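Q: Could you walk me through the side-chain contacts in a model, taking the general idea before each case?

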Amino acid sequence: MIVGTAGHIDHGKTALVKALTGTDADRLAEEKARGITIDLGFAYADLGAGTVTGFVDVPGHEKFVHTMLAGAGGIDLALLVVAADDGIMPQTREHLAILDLLGIRRGMVALTKSDLAEPDRLAALSAEIVELLAPTGLDGAPVFPVSALTGAGIPALREALARAEAETAARATGDRFRMAIDRSFTLAGAGTVVTGTVLSGRVATGDQVMLSPSGLPARVRGIHAQNRKADQGLAGQRCALNLAGEAITREAIHRGDLALDPVLHAPTQRIDATLRVLASEPKPLASWFPARLHLGAAETGARIVPLQGPLGPGETGLAQIVLDRPVAAAFGERFILRDTSARRTIGGGSLIDLRPPARHRSRPERLAQLAAMALPNPAEALAAMARHGAVDLDAFARDRALAPPGLAQAVAASGAAVIPGTRQALSPDLLDALRQGVTAQLTAFHAENADLQGLGRERLRLAVHPRLSRPDFTALLRAEAEAGRIALDGAFVRLSGHLPRLSDQDEALLARILPSLDGDERFRPPRVRDFATEIGADEAEIRRILRMAARQGRLDQIAHDHFFARATTIEMVAIIRDVAAQAPDGWFTAPAFRDRVQNGRKVAIQILDFFDRLGLTLRRGDLRRINPHRIDLFQPDGPDM
């Protein structure tokens, strides 16, 4: 369990931690000299539950609230400290507001310096604290009068913390590894060390990790978990990682960076989130409101764009956050907003979409998508998102830090259908609608364009809903073709039963051409330009009609502008089979085929190249043989082209 202190400056947070653990969390010379905590301090102790509890001691001074925020991420229990002599102070209220915005629901209150107050004062102050906590997530937190000086109340508080430690549920370690870094330093004999709280997953000695958002790769040389040497660090523990890598130095790593599974490295500079504005704000937050964003230990400038109109004091709504620099983030992480002068906390909330659109961000359909994405349970979120459009499963898993088993479980539980050949998921109803949309578009196109072979793939993609990326739509079309519902013809798509129909005028022109493709000249028929000259027709029209007849299976285009009757193609296949049967080992030469069909060498080579492209013949140098797996390609009752 990780316990985080909170409270006003000089209310005895560090002294309390020392009384509980025996460790002085003030580690800097300046802290000793000034008597206040400036940077994060850490202490560890077994409080009696048999496990190690970690304490994060944070500064209470207004100037150091940003440091307090760096330590507040990942804590399991808040220890709010209020001095009996001062009572509730401004930083007490701000720290409590921050804990509430961070979604912390477990906590205790230490009424420190109890030796300086009379019993009546302690009772009255306890009542004030109960009233202060009532509207927050720490409502009902117990209050313990204590004195670090005399030791009064310390055993009772330690015992309560030990019970809380025993009741703390272990965080899931099956997700991918993420650790928020709050310190980086060099240790003699070891090298670069980073410390922080493991937010998800686990890490082991020897693992490869990535530092994000910088993208520096590193190897884990050693681990201390909860201040003890360990082979691995788990979610919910404070860990120190000894890192090694070509560019790994203390200066290259900053507070707010994350050490994570390399798969999760995907920094973002634009995020959609839920945002609650504190009631203490003087006016509503309008578009492009400037602020400072605190996310874990990271801090950066930001602009806030409310998605449903200005957000007034005390209101909660959706907002897009545009950052000054990229950060490493994950779905559901809590954030805090402070004003640009760092004098007050504005509000906070949780992250929803780490890759939102910059345009059309407030459309009703977009807001409905965000409502689906905001569901915390992965299976429920995936099911809801899949009802609105295609969900990229790899991005979904990455942004929620899900490992493959967790993603597979979410997909199975969601009932979503994965588009064959892709990593995209849709609801079954939406996938059916997409397939029906493809069929409807092709049916309508064929009805209006009976003479055309089919609809262009890109035009079809843009006409159906939901819209998929080109690669994913191509995969869908291939699956539909394999199922026999459609046929793919180059860049065109058609219904499987559709063949282009020639007009009566086109059929009449074709009838004048077909006799020249039969008879003694069938193995060396005229070319398109020859037909155009012979019958006095436009060359482009002749070419169009012959190509359409080829799509109908009546002709075959052997080479450019050179068409053969399908019956002749079948006859040439029989000749090739006979020539191969008479050749040694089945390998035959082009001249042997040329002599049988009695045409020129160039035309014979073009014919054999045509069969090579179709896979009916296999070529090795100047020799060819029949491919037994394609032998029935041009059988009279077999498949046509």
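The dialogue below turns to salt bridges and then to charges over rings.

A: This is a predicted model, in which local features need pLDDT of at least 70 and side-chain atom pairs count only at pLDDT 80 or more, while totals for chains, interfaces and linings use all residues. Residues are numbered from 1 along each chain as its sequence is written, and side-chain values use heavy atoms, with hydrogens and water left out.

Q: How many salt bridges does the structure hold?

A: A salt bridge is a side-chain nitrogen of Lys or Arg within 4 Å of a carboxyl oxygen of Asp or Glu, and the structure holds 33 of them. One of these joins glutamate 333 to arginine 178, with the closest N and O atoms 3.1 Å apart. Because glutamate 333 lies in the loop between strand S19 (316-327) and strand S20 (334-338), and arginine 178 in strand S7 (residues 178-187), the pair ties together parts that are 155 residues apart in sequence; strands here are DSSP runs (E, at least two residues), numbered from the N terminus.

Q: Are glutamate 333 and arginine 178 buried or exposed?

A: Buried means under 20% relative accessible area, exposed over 50%, and partly exposed in between (1.4 Å probe, protein chains only); both glutamate 333 and arginine 178 are buried.

Q: Which residue has its charged end over the ring of tryptophan 587?

A: A charge sits over a ring if NZ of Lys or CZ of Arg is within 6 Å of the ring centre and within 35 degrees of the ring normal. Arginine 620 places its charged end over tryptophan 587, 4.2 Å from the ring centre, and arginine 400 lies over the face of phenylalanine 331, at 3.6 Å from the ring centre.

Key. Helix = DSSP H or I, 4+ residues; strand = E, 2+ residues; numbered from the N terminus.
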